[in-house]
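Here is a short report on one protein model, written for reading beside the structure.

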Amino acid sequence: MSRARTPPVAGGAGGSLAPVRIVVCVKHVPDIQGERSLGEDGRVVRDGGDGTLNELDENAVEAALALVEARAQEGDEVVALTVGPDDAVEAVRRALQMGAHRAVHVLDDAVAGADAVGTAQVLAAAVRRLGEEAPVDLVVTGMAGLDGLTSLLPTLLGELLGVAALPLASHLEVEGGTVTVRRDLDHATETLRAALPAVVSVTDAANDPRYPGFKQIMAARKAPVTVLSLDDLGLDPALTGAAGARTQVLLARPRPPRQDRVLVQDTGDGGARLAAFLVERGLV
Ligand SMILES: Cc1cc2nc3c(=O)[nH]c(=O)nc-3n(C[C@H](O)[C@H](O)[C@H](O)COP(=O)(O)OP(=O)(O)OC[C@H]3O[C@@H](n4cnc5c(N)ncnc54)[C@H](O)[C@@H]3O)c2cc1C
């Protein structure tokens, strides 16, 4: 991923700048609106075909596309990257619909059972492989996977790639070989800056993801997706999958239904009965 040239990215068109490559990590997750269940091993059941692109990754794709569109330079590239089983290809297809130029899917049975570290190993190996073709300037991720919700991946990726990781950006700018992000925290706003290449995760406040039109949806259907195995990446399978997991699910069970629920049927006096209920419990 490392590179010597600067500046790889600058805002606005004009001048002849070196092409920029941004890798966006997109995760395929079970549809959170649908039924979700855990297997006997405590892991999320991912079969069933109701998966979707992790909604928070649409912000990552949008951020990457906005950066290259602002430059309007020939040769810039946004590469969508996913790691996951067969269905995960839907995540990169969605990114293609939004405007990503290229899609890469790491597909290998040996990845099954990977925890956050194991997933980061695969993503980092894929970014390194892409970097062998042409330098990668920036890796952009979403703020969290809506199924795993660890928010660990961006920092792990930075560490494994040996570059700075700037998590939870609500605004990002890339100019003159550096990336600058704003982080809106509860009691403060931070501005962080790092030299490229770097890893940035963006929050859902960073932008409003575009909605692809019919033409883009149809074009993305036919677009090629590069499928890579761990062997292609030169990654030792022992570093990922169940074999390389550093965490283990000891117990996972559905929360028992609440016993103390009171259902108030509104027959015209619902408001009064609700108020009486709250008063009786000392809640108002
Ligand atoms: C003990 C354990 C067992 C697990 N077993 C399995 C399993 O059997 N099968 C399975 O599929 N998952 C499994 N997982 C979950 C899987 O390893 C997760 O992908 C990983 O833990 C990180 O997910 P997250 O959503 O918490 O990442 P976060 O750090 O919350 O994600 C942040 C961002 O990183 C990027 N990202 C995350 N994951 C991917 C990905 N796979 N591809 C591309 N970009 C990504 C996205 O941009 C995302 O917005 C397991 C997790 C644990 C802890």
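What share of the residues of the protein counts as buried? Of the 284 residues, 41% do. Buried means under 20% relative accessible area, exposed means over 50%, and partly exposed is in between (1.4 Å probe, protein chains only).

This is a predicted model, in which local features need pLDDT of at least 70, side-chain atom pairs count only at pLDDT 80 or more, and totals for chains, interfaces and linings use all residues. Residues are numbered from 1 along each chain as its sequence is written, and side-chain values use heavy atoms, with hydrogens and water left out.

**Overall build**

The protein has eight helices and twelve strands. Helices (H or I, at least four residues) and strands (E, at least two) are DSSP runs, numbered from the N terminus. The C-alpha trace spans about 70 × 40 × 40 Å along its principal axes. Contact means heavy atoms within 4.5 Å. Among contacts with a separation of 6 or more, 72% join residues 24 or more positions apart.

The protein exposes about 15700 Å². Carbon and sulfur atoms supply 51% of that area. Accessible areas come from the Shrake-Rupley method with a 1.4 Å probe; for residues, only the protein chains shown count as cover.

Next, the charges. Lys and Arg count as positive and Asp and Glu as negative, while His and the chain ends are not counted. The place of a charge is NZ of Lys, CZ of Arg, CG of Asp or CD of Glu. There are 27 positive and 39 negative charges, and their mean positions are 1 Å apart.

**Salt bridges**

Side chains of opposite charge can pair when their charged atoms come close. Here a salt bridge is a side-chain nitrogen of Lys or Arg within 4 Å of a carboxyl oxygen of Asp or Glu. How many salt bridges does the structure hold? It holds twelve. The table lists some of them.

| Salt bridge | Closest N and O atoms |
|---|---|
| Arginine 21 and glutamate 133 | 3.4 Å |
| Arginine 182 and aspartate 184 | 3.1 Å |

Take the bridge between arginine 21 and glutamate 133. Arginine 21 lies in strand β1 (residues 21-25) and glutamate 133 in helix α3 (residues 116-133), so the pair ties together parts that are 112 residues apart in sequence. Arginine 21 is buried, at 7% relative accessible area. Glutamate 133 is partly exposed, at 48%. Both residues belong to a network of salt bridges that links Arg21, Glu77, Arg102 and Glu133.

An α-helix has 3.6 residues a turn, so residues three or four places apart point the same way. Arginine 129 is partly exposed at 28%, whereas glutamate 132 is exposed at 59%. In the remaining pair of the table, arginine 182 is partly exposed at 32%, and aspartate 184 is partly exposed at 43%.

**Helix α2**

Is helix α2 largely enclosed or left open? Eight of its ten residues are buried, so α2 is largely enclosed by the rest of the structure. The buried residues are Val89, Ala91, Val92, Arg94, Ala95, Leu96, Gln97 and Met98. They pack against β2 (28-30), β3 (51-53), α1 (55-71), β4 (77-83), β5 (102-106) and α5 (214-222).

Arginine 93 is also in α2. Leaving aside neighbours within four places in sequence, arginine 93 is in contact with Ala220, Arg221, Ala223 and Val225. Its C-alpha atom is 26 Å from that of leucine 161, which is 68 residues away along the chain. Just after α2, glycine 99 takes a positive phi of about 135°.

**Surface patches**

Patches are made of residues with over 30% relative accessible area and no salt bridge; like charges are joined within 9 Å, and nonpolar side chains (Val, Leu, Ile, Met, Phe, Trp, Tyr) within 5 Å.

Asp86, Asp87, Glu90 and Asp109 gather in a surface patch of negative charge. Glutamate 90 comes from helix α2 (residues 89-98). Glutamate 90 is partly exposed, at 45% relative accessible area.

A nonpolar patch holds Val279, Leu283 and Val284, with about 330 Å² of accessible area together. Valine 284 lies in the segment after α8 (270-280). This valine 284 is exposed, at 71%.
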